[in-house]
Amino acid sequence: MSDISSLFANLALAQLLPALLILLIGIVVIRFVAQLVEKALKKTKLEKAAHSLILSVINAALYIVLGLIVATKLGIDVTGIIALASVATLAVSLALQNALANVFGGFVLLSTHPFHAGDFVEVAGQSGVIKEIGLTYTKLTTVDNKLVSIPNSAVTSAQIVNYTATGTRRIDITVSASYQSPIDGVLDALRQAGAEVPTVLADHAPFAAVKNYGDNAIEYVLQVWSTADDYWTTLVDVNRNIKAKFDETGIQMTYPHLNVHLDK
């Protein structure tokens with residue numbers, strides 16, 4: 001009886017020792033692979049948040065494979081485990097479908113770079129400065145200082161307008177002037193109003209033109225360029241300077257009005 005017990009003990013030890021050795025070697029290999037992947041990711045243009053996601057997925061997959069190898073070495077039939085894991089993975093995937101879609105969307109955003117933190121964008125019906133690109137939500141701050149969190153799946157499926165990416169922005173300002181004011185005089189005043197603002201880019205000369213002949217006034221458009229960071233400052237300063245220039249040159253801004261004639 002003791003011989004049989006000793007035999008089983010020797011067999012168990014013969015299976016346990018190689019399994020432990022494989023486990024230790026596997027852990028070392030996984031850490032080495034993780035370091036190589038991390039170094040490779042640092043050389044790419046991916047956002048840092050994407051690095052952690054990729055490393056987590058690779059580590060999880062490698063440790064699962066290592067666990068199956070060790071279980072096989074111990075004489076455990078892993079067929080049932082794999083089948084059960086497949087069913088469980090499917091159930092979890094269905095239950096977390098929206099969350100997984102957001103995670104996948106976050107990976108897409110971090111790898112394709114439609115915008116970066118600090119960019120002013122318009123996406124999914126919201127506009128503001130990107131504050132954070134997370135794995136599930138993208139957060140932006142609106143011009144009135146509201147923090148909006150948009151699911152990444154909604155961001156990737158929506159049209160994205162990035163106002164910062166090119167570095168410059170064009171500002172279109174529409175004003176009206178009386179029919180009694182000479183057109184050339186109005187156009188000159190508009191161009192001067194734009195050129196006198198310091199944040200207007202000098203390599204893009206202000207452009208002014210007649211836009212429309214309305215019922216009570218002529219509509220004009222003034223186009224100037226500024227850096228993306230100076231957009232709002234330039235818009236405010238040019239608008240204020242237009243009124244000052246019109247007052248200086250005697251050009252009348254008009255507003256809708258109605259003339260009533262009474263017959264006796």
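Modeller: A residue is called buried when its relative accessible area is under 20%, exposed when that area is over 50%, and partly exposed in between, with a 1.4 Å probe and protein chains only. This is a predicted model, in which local features need pLDDT of at least 70 and side-chain atom pairs count only at pLDDT 80 or more, while totals for chains, interfaces and linings use all residues. Residues are numbered from 1 along each chain as its sequence is written, and side-chain values use heavy atoms, with hydrogens and water left out.

Biologist: Fine. How many residues are in the largest nonpolar core, and which have the most contacts inside it?

Modeller: A nonpolar core here is a set of buried Ala, Val, Leu, Ile, Met, Phe, Trp, Tyr and Cys residues joined through side-chain atoms within 4.5 Å. The largest one holds 22 residues, and L190, Y220, V238, I242 and F246 have the most contacts inside it. At least two residues of this core come from each of β6 (168-177), α6 (183-195), β8 (218-227) and α7 (231-249), where helices (H or I, at least four residues) and strands (E, at least two) are DSSP runs numbered from the N terminus. As background, nonpolar side chains tend to be buried together in soluble globular proteins.

Biologist: And what does V238 touch?

Modeller: Leaving aside residues up to four places away in sequence, V238 touches I173, G194, V197, V200, L222 and V224, a contact being heavy atoms within 4.5 Å. There is also a second, separate core of eleven residues, which includes L110, V123, I130 and I133.

Biologist: Switching to the sheet: what is the strand order, and is the pairing parallel or antiparallel?

Modeller: Three strands make an open sheet in the order β6-β8-β7, and their pairing is antiparallel; two strands are taken to pair if DSSP finds at least two bridges between them. β6 and β7 (207-213) are the edge strands, each pairing on one side only, and the twist from one strand to the next averages 25°. Between β6 and β8 the antiparallel pairing runs over ten bridges, and V175 stands opposite Y220 in β8.

Biologist: Which strands does α6 touch, and which does α7 touch?

Modeller: α6 packs on the sheet against β6, β7 and β8, its direction making about 20° with that of β8. α7 also packs on the sheet, touching β6 and β8, and its direction makes about 25° with that of β6. For these angles, axes are lines fitted to C-alpha atoms, for helices over the stretch in contact, and values run from 0 to 180 degrees between N-to-C directions.

Biologist: Now charges. How many salt bridges are there?

Modeller: Seven salt bridges are counted, under the rule that a side-chain nitrogen of Lys or Arg lies within 4 Å of a carboxyl oxygen of Asp or Glu. One of them joins the side chains of R191 and D188 at 2.6 Å, N to O, and because these two residues are three apart in helix α6, about one helical turn separates them.

Biologist: Where in the chain do E196 and K245 sit?

Modeller: Their side chains meet in a salt bridge at 2.9 Å, N to O, and the pair links distant parts of the chain, with E196 in the loop between α6 and β7 and K245 in helix α7, 49 residues apart. E196 is partly exposed at 46% relative accessible area, whereas K245, at 5%, is buried. Salt bridges with shared partners join E196, K245 and E248 into one network.
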